[in-house]
Amino acid sequence: MPHDLDRREQFAIDLARRAGELGLKYFRDLDSLTIESKGHQDLVSQADREVELFIRAAIAADYPQDGIVGEEHASVAGSTGHVWVIDPIDGTANFVRGIPAWCVVIACARDGETIVGVIHEPSTGETFHGRLGGGAFVNGRPVKTSAAASLEEGSVGTGFSNRAEAENIAVLIKKILAEGGVFFRNASGALMLAYVASGRLLGYVEEHMNPWDCVAGMLLIEEAGGTILKADPKTVLQSGTQVITGGRGVFSKLQELCSGVFTS
C-alpha cells in the first residue's frame, strides 16, 4: 500500500504541475478568456473547464477504474473505492482579474478518506504535497504547522461560503480581532489551507467548503502536525464539510470561536 500511495502522490504532483502550465497559458491571455457567473462571487472561466478536462483525461488514462469528483464537470463513478477530487483553478475570481493567487488542487480519497493531497500554485512554482502517513512538503521540503500558542502570534485565514449566512463570517472576524488576532483572506481556500500546513497561517476556518477546495489541504495540515475538524467520510465527497483547522496550540481556541458563530 505505501508503494501505491507513493505512486499516486507522484502522479498527482506531476499532473498538477502540467495542469498549472496549461492554466498559466490562459492566465497570460486573459483578454481572450470567456467568463461566466455561477452565482454570488462564484465565477467560472473557459480555463477552469479546459484544465479540468485535461486533468480528467490524465486520470482516466492512468487510473481508468477510479472515480472522479470535480468542480466543473459531472462526477464519474469508479469501482476501486478510490476517488480523485479535483479543482482545476481554485481562486477563479483572482485568476480572471489577473491576481496571481490561484492554484490547481488534486486529491485522492479511498472510501471517503483522503490519502493524497496536492496543491500547486503556478505563479510561485510552489507545490504543496503529501500522502497519508507520509508527512507534508512544499517542493520536497518538509513543512510543519505553526507552533504558536495564541492568536496574537499570527494571522487566521477566513473564507466565505455562499451556503452560509453572510453575517456569520463578520461576527467571527470580530471575535478573532478581539482575541488579538488578525484575519487573512486571498480568495483561494485551498491555498490558504496550504499556508496553514506550511506554518504561514495559524489556521483556516470556513463554515462550508466543497470537497475539491478542502480535502487536499486538510490532509496536508494533519500530515504537517496540525489539527482539523474531522469530516464525515460518508458525506464529504458529495456534500462538503465545515472546516476548522490550525496548529495544535490554537486549534481549540479557533473551534471555540467558530462554535458560537457557525450555524450550518
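Let's start with a pair of neighbours: strands β10 (residues 155–158) and β11 (residues 182–184) run parallel and are joined by 3 bridges. Helices (H or I, at least four residues) and strands (E, at least two) are DSSP runs numbered from the N terminus, and two strands pair if DSSP finds at least two bridges between them. Keep in mind that this is a predicted model, where local features need pLDDT of at least 70, side-chain atom pairs count only at pLDDT 80 or more, and totals for chains, interfaces and linings use all residues. Residues are numbered from 1 along each chain as its sequence is written, and side-chain values use heavy atoms, with hydrogens and water left out.

Back to β10. Gly-157 has Phe-184 as its bridge partner in β11. Strand β10 also runs parallel to β12 (residues 203–209), again with 3 bridges; here Val-156 is partnered by Gly-203, and Thr-158 by Val-205. These strands belong to an open sheet of 5 strands with mixed pairing, in the order β11-β10-β12-β14-β13. Its edge strands are β11 and β13 (227–228), each pairing on one side only. Helix α5 (residues 189–197) packs on this sheet, touching β10, β11, β12 and β14 (241–246), and its direction makes about 150 degrees with that of β12. Contact here means heavy atoms within 4.5 Å, while axes are lines fitted to C-alpha atoms (for helices, over the stretch in contact), with angles running from 0 to 180 degrees between N-to-C directions.

Now for the other sheet. This open sheet has 7 strands in the order β3-β4-β5-β6-β7-β8-β9, also with mixed pairing. At its edges stand β3 (67–70) and β9 (141–142); each has a single partner strand, so one side of each lacks a neighbour in the sheet. Further in, β5 (residues 103–110) and β6 (residues 113–121) run antiparallel, joined by 7 bridges, and Val-104 stands opposite His-120 in β6. Helix α2 (residues 46–62) packs on the sheet by touching β3, β4 and β5, at about 155 degrees to the direction of β4. Helix α6 packs on the sheet too, touching β3, β4, β5, β6, β7 (126–131) and β8 (136–138), and its direction makes about 100 degrees with that of β6.

So what does α6 itself look like? The helix covers residues 211–223, and its 13 residues should span 18 Å at 1.5 Å a residue, which agrees with end C-alpha atoms 18 Å apart; the expected span is 1.5 Å times one less than the number of residues. Of those 13 residues, 12 are buried, so α6 is largely enclosed by the rest of the structure. Buried means under 20% relative accessible area, exposed over 50%, and partly exposed in between (1.4 Å probe, protein chains only). Among the buried residues are Pro-211, Trp-212 and Val-215. After the helix comes Gly-225, with a positive phi near 95 degrees.

Val-85 counts as buried because its relative accessibility is 1%.

Zooming out, the chain has 8 helices and 14 strands. Buried residues make up 55% of its 264 residues, and its C-alpha trace spans about 50 × 45 × 35 Å along the principal axes.
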